[in-house]
Amino acid sequence: MTELARGKIVDGAPALPEAELRTRLAALPGWSLAADGKSIRREWRFKSFKAAAQLANLAAWQAEAANHHPDIVFGWGFASVTFSTHSAGGVTMNDLVMAARLDAVAD
């Protein structure tokens, strides 16, 4: 597990400035910044619906445990997870921590 994945989820975390966000996002292969700069997203490809559902469930359980919930979309052969902190109006360290935690169990 990476140092980022061990980070704490903090209430009221502010949105990261774009330059800092891009630098930190480089440490999360597969994750990309939305065109509007307000969310990060990663998509996984699978050979079955079951595998996609398992990834979606992993993301959901981690989110519930941390009380920081992403948007999850899945179907046959794919799952995508999008993190954003709506109250901050963009991406916070909480979103990056959650992405790193998901990577730690999904890859």
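Helices (H or I, at least four residues) and strands (E, at least two) are DSSP runs, numbered from the N terminus. The structure shown is a predicted model, in which local features need pLDDT of at least 70 and side-chain atom pairs count only at pLDDT 80 or more, while totals for chains, interfaces and linings use all residues. Residues are numbered from 1 along each chain as its sequence is written, and side-chain values use heavy atoms, with hydrogens and water left out.

**View 1**
Four strands form an open sheet in the order β1-β2-β4-β3, with antiparallel pairing; two strands pair if DSSP finds at least two bridges between them. Strands β1 and β3 stand at the edges, each with a single partner strand, so one side of each is left without a neighbour in the sheet. Two bridges join β1 and β2, six join β2 and β4, and five join β3 and β4. Strand β4 (residues 78-83) is largely enclosed by the rest of the structure, because five of its six residues are buried, where buried means under 20% relative accessible area, exposed means over 50%, and partly exposed lies in between (1.4 Å probe, protein chains only).

**View 2**
Isoleucine 40 stands opposite phenylalanine 83 in β4, and leucine 33 stands opposite isoleucine 40 in β2. Threonine 82 in β4 is faced by arginine 41 and is also the bridge partner of aspartate 71. The hairpin of β1 and β2 has six residues between the strands, and within this hairpin glycine 37 takes a positive phi near 75 degrees. In the hairpin of β3 and β4, which has two residues between the strands, glycine 77 takes a positive phi near 85 degrees.

**View 1**
The structure holds five salt bridges, a salt bridge being a side-chain nitrogen of Lys or Arg within 4 Å of a carboxyl oxygen of Asp or Glu. Salt bridges that share partners join Arg41, Glu43 and Arg45 into one network.

**View 4**
The side chains of glutamate 18 and arginine 22 meet in a salt bridge (2.9 Å, N to O). Glutamate 18 and arginine 22 are separated by about one helical turn, because they are four residues apart in helix α1. Arginine 22 is partly exposed, with a relative accessible area of 48%.

**View 2. Aromatic pairs.**
The count comes to three aromatic pairs, where rings of Phe, Tyr and Trp (its six-membered ring) pair if their centres lie within 6.5 Å, and planes under 30 degrees apart count as stacked, over 60 as edge-to-face and the rest as tilted. Tryptophan 31 and tryptophan 44 form an edge-to-face pair, with 5.9 Å centre to centre and 85 degrees between the planes. Tryptophan 31 lies in the loop between α1 (18-25) and β1 (32-33) and tryptophan 44 in strand β2 (residues 40-45), so this pair ties together parts that are 13 residues apart in sequence. Both tryptophan 31 and tryptophan 44 are buried. Phenylalanine 49 and phenylalanine 74 form a tilted pair, with 5.6 Å centre to centre and 40 degrees between the planes. The latter pair links distant parts of the chain, phenylalanine 49 in helix α2 (residues 49-66) and phenylalanine 74 in strand β3, 25 residues apart. Ring pairs link Trp31, Trp44 and Phe83 into a cluster.

Phe49, Phe74 and Trp76 make a nonpolar surface patch of about 370 Å². Patches are made of residues with over 30% relative accessible area and no salt bridge, like charges being joined within 9 Å and nonpolar side chains (Val, Leu, Ile, Met, Phe, Trp, Tyr) within 5 Å; accessible areas come from the Shrake-Rupley method with a 1.4 Å probe, and for residues only the protein chains shown count as cover. Phenylalanine 74 lies in strand β3 (residues 71-75) and counts as partly exposed at 37% relative accessibility, while phenylalanine 49 counts as partly exposed at 44%.
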